[in-house]
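Dear colleague,

Please find below the structure that I am handing over to you. I would be grateful if you could look through it before reading the notes that accompany it.

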Amino acid sequence: MTVDKHYKPQNISRERTNIKRCIARRAQQLLYISGIANLYAGLHKGGWALILMYHSVVDDHIAPFIDPRNNITAQEFESQLILLHKTCRIISLSELLACLHEKKPISPKTVVITFDDGYLDNLVNAAPLLAKYHMPATLFLATRYIELTEPQWIDRLYNAFQFRSRNKCALTCLDLSKPIQLRQAYRQFKKKLLAAGFEKRKSFLEQIEEQLKPFALPPRLTLNWDDVRLLKEEFPMFEIGVHTQTHVDLTSLNDKEAECEIEQSRQDCKNEIGSEPRLFSYPYGRHDSKIRTCVKKGHFLGAVSTQPTYRINGSTDRWALPRFAGPKSLLDLKMWLSGSFPELAISLWGKAYD
C-alpha cells in the first residue's frame, strides 16, 4: 500500500533523551572538528579496521514502513560510500578474517561493510550503489524470514503502532493517544518481543495488530530465496552469511536449541544457494562462550557482534568482531575513520558514545 505523501509519521521509536549522552557525543564530534582527533591518531599509528553494520537502505516508497532506527536513506548511504571510496581501503569480511587468522598486518583505515537480516532493499538499493563504487559487502540472513518472506518482527510492530486506527490496546494500560505513553508502550512491546521465540512473537504480533487495526500494510520488505540467488549472480562481491534461522537471542536458549538455530540456518542457506555460508552474525550482538563454541563447531570462519564498539587489530577475537552501526551522520563516520575513536574518548571520559 502507498502511504499519502503528506502523511507525517510519529517518532515512536525515539529513545528517551539522555542529556549527558548527547553532550558527550557532541564533545566527541568537536574533537574531530578541532583537529585533536587527527592529532591523536597521528601519534598512535598502526594498522586497524572497523566493520560497519547496516540493516535497511530505504527509498521514499518503503521508508514509512521500517523502524527509523534500522534504516538509512539511499542518499545517506551513497554519501557514506563516496567518503569511504575516497579515504579508506574497503575489503570483504572474508579477507579481514584471513588476515586475523594468518596474523597478517592490517592496513590503516580498512573498512568492512555488512548488512543484517535480509531486507529486499539490500538488493534493490544497496547492491547497485556498492557495485558503482566497486565495494564488497556481506549480508547475514535470518533464513526462516527469507523462507516465509516475512517482515522483521520489529517492522511489524512499528507498522502496527505507526498506522494504528485505535489508541486503546488491551495488552497495555497506556494511552496511545499520548506521545510519551505511546513510546513507552512501543518500548515495552519491543522488549517483550525481543526476548520471545519465533512462534510466541508471531502470536503476540497478531494480537497487537488485531487490537490496533493498522490502516496501512507494508509492501514486501524481505528478500526471498530467488532474490538471494539473484543477488549472488548479479553482485558477486556480496558475500552471504547467516544470522540464525529465526533471529532469536541465542543466549536465551539451551545448548541444543542454540546449536539447532545455528546449524539449521547454515543448512537452509547451503540448500538454497548451493554453497556453504562461512560467516556468522549474532542476533542483537548477544553471545557468550558457549554460543561462540557452537558457532566454531559450525565450520564458520568467524562471527560478528555489535557493541562494544572498537576498532579491530591483530589481537581481536575473530569470533566476536565488534561493529559500528552505520550512522545517519556523515560527521560521525568521519570521526570514526579518524583513527582516534573510541580510544581518545575513553581516555578523556572513560566511555565512548557511538
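This is a predicted model: local features need pLDDT of at least 70, side-chain atom pairs count only at pLDDT 80 or more; totals for chains, interfaces and linings use all residues.

Residues are numbered from 1 along each chain as its sequence is written, and side-chain values use heavy atoms, with hydrogens and water left out.

The chain as a whole

The chain contains 14 helices and 10 strands; helices (H or I, at least four residues) and strands (E, at least two) are DSSP runs, numbered from the N terminus. Along the principal axes, its C-alpha atoms fill a box of roughly 60 × 50 × 40 Å. The radius of gyration is 20 Å, which agrees with the value near 20 Å for a compact globule of 354 residues. That radius is taken over C-alpha atoms, and the globule rule is 2.2 Å times the number of residues to the power 0.38.

Of the 354 residues, 52% are buried. Buried means under 20% relative accessible area, exposed over 50%, and partly exposed in between (1.4 Å probe, protein chains only). Among contacts with a separation of 6 or more, 74% are between residues 24 or more positions apart; a contact means heavy atoms within 4.5 Å.

Helix 9

Helix 9 (residues 198-212) has 15 residues and reaches 21 Å from its first C-alpha to its last, close to the 21 Å expected at 1.5 Å a residue. The expected span is 1.5 Å times one less than the number of residues. Its buried residues are Phe-198, Arg-201, Phe-204, Leu-205, Ile-208 and Leu-212. Seen down the axis, these buried residues fall within an arc of 130°, so they line one face of helix 9. The arc is that of the directions from the helix axis to the C-beta atoms. Their cover includes helix 6 (143-148), helix 7 (153-162) and helix 8 (179-195). Just after helix 9, Lys-213 takes a positive phi of about 45°.

In helix 12 (289-297), Ile-291, Cys-294 and Val-295 are buried. They cover an arc of only 100° around the axis, which puts them on the same side of helix 12. Lys-290 and Lys-297 are exposed on the other side. The buried residues pack against helix 11 (255-273), strand 8 and strand 9 (302-304).

Gly-285 is placed in the loop between strand 8 (279-281) and helix 12. It counts as buried, at 10% relative accessibility. Leaving aside neighbours within four places in sequence, Gly-285 is in contact with Ser-305 and Thr-306.

Gln-29

Gln-29 lies in helix 1 (residues 19-33) and counts as buried at 5% relative accessibility. Not counting residues up to four places away in sequence, Gln-29 touches Ser-329, Leu-331, Asp-332 and Met-335.

Cysteines

The structure holds zero disulfides, a disulfide being a pair of cysteine sulfur atoms within 2.5 Å. For Cys-99, the nearest cysteine sulfur is that of Cys-88, 16 Å away; Cys-99 is buried at 11% relative accessibility. For Cys-269, the nearest cysteine sulfur is that of Cys-260, 16 Å away; Cys-269 is buried, with a relative accessible area of 0%.

With kind regards
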